Amino acid sequence: IEGLDCRYGKVQAVRGLSIEVAKGELVALIGANGAGKSTTLKAISGILFTERGNVTKGTITLDGTPIQGTRAFDVTKLGIAQVFEGRRVFESLSCEENLMAGAHLQGDMTTVRQGIERVFQYFPRIRERRGQLAGYLSGGEQQMLVIGRALMSSPKVVLLDEPSLGLAPLGAQQIFDIVRELNQRHHLTVFLVEQNAYHALKLAHRGYVMVNGAITMSGGGRELLERPEVRAAYLEGGRH
């Protein structure tokens, strides 16, 4: 992402944003609520217009190909999958049916079945709940399901928007452990947006700090954790 500006009408939500996520990296974008983090993800995945937002300046490229302004389903075809804030399962469908919905780009049922089995290996709990309606899962189980659903499209990059939101500490830690394993063992490229700065930066190869729509700091994840400005703003007082 280079020099990105995003607006909702007259309100500028993102300004001059430049971020790089390399193949196989896990990169975190942290910041307070309303900083512009989710807007950034929606600009990448092509759904910003659904909230009357638009990209007014800058470029977003995937493997050197510009994608800003590309329709959302075409962005998915190019290899970017977004896991939205708030989980958003299809509540009246079973876990397995949710996964099949995520496989809409796959060309045959053999590939779909292989993808489902792979997700079950990543998330044994979802295998146990495969026939259960998704609306009756716990928050942590729903988060596993939506990550699994995103993986069904065999993405190059997964955009994760606040995966720990609304989860108990133990459930949040479990999700972060799963994200780490997907990145380290399966080489999945992850762009993580998260308010929980401690866990996000502990997990990330690199991180960016966003304030009022702009990047104010960047560096290695562990390096940013030691920065006094980051500790004062996001970690002190038990907020992590």
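Colleague: Is Arg-129 buried, exposed or partly exposed?

Modeller: Some ground rules come first. This is a predicted model, in which local features need pLDDT of at least 70 and side-chain atom pairs count only at pLDDT 80 or more, while totals for chains, interfaces and linings use all residues. Residues are numbered from 1 along each chain as its sequence is written, and side-chain values use heavy atoms, with hydrogens and water left out. Buried means under 20% relative accessible area, exposed over 50%, and partly exposed in between (1.4 Å probe, protein chains only). With a relative accessible area of 24%, Arg-129 is partly exposed.

Colleague: Which side chain meets that of Arg-129 in a salt bridge?

Modeller: A salt bridge is a side-chain nitrogen of Lys or Arg within 4 Å of a carboxyl oxygen of Asp or Glu. Arg-129 meets Glu-141 in this way, at 3.1 Å from N to O. Glu-141 lies in helix 6 and Arg-129 in the loop between helix 5 (124-128) and helix 6, so the pair ties together parts that are twelve residues apart in sequence. Helices (H or I, at least four residues) and strands (E, at least two) are DSSP runs, numbered from the N terminus. At 6% relative accessibility, Glu-141 counts as buried. Arg-125, Glu-128, Arg-129 and Glu-141 are linked in a network of salt bridges.

Colleague: Which residues of helix 7 are buried?

Modeller: An α-helix has 3.6 residues a turn, so residues three or four places apart point the same way. In helix 7 the buried residues are Gly-171, Ala-172, Ile-175, Phe-176, Ile-178, Val-179, Leu-182 and Asn-183. They cover an arc of only 155° around the axis (taken from the directions from the axis to the C-beta atoms), which puts them on the same side of helix 7. The face turned away from that side carries the exposed residues Pro-169, Leu-170 and Gln-184.

Colleague: How do the side chains of strand 9 point?

Modeller: In a regular strand the side chains alternate between the two faces of the sheet. In strand 9, Thr-189, Phe-191 and Val-193 point one way and Val-190, Leu-192 and Glu-194 the other, and all are buried.
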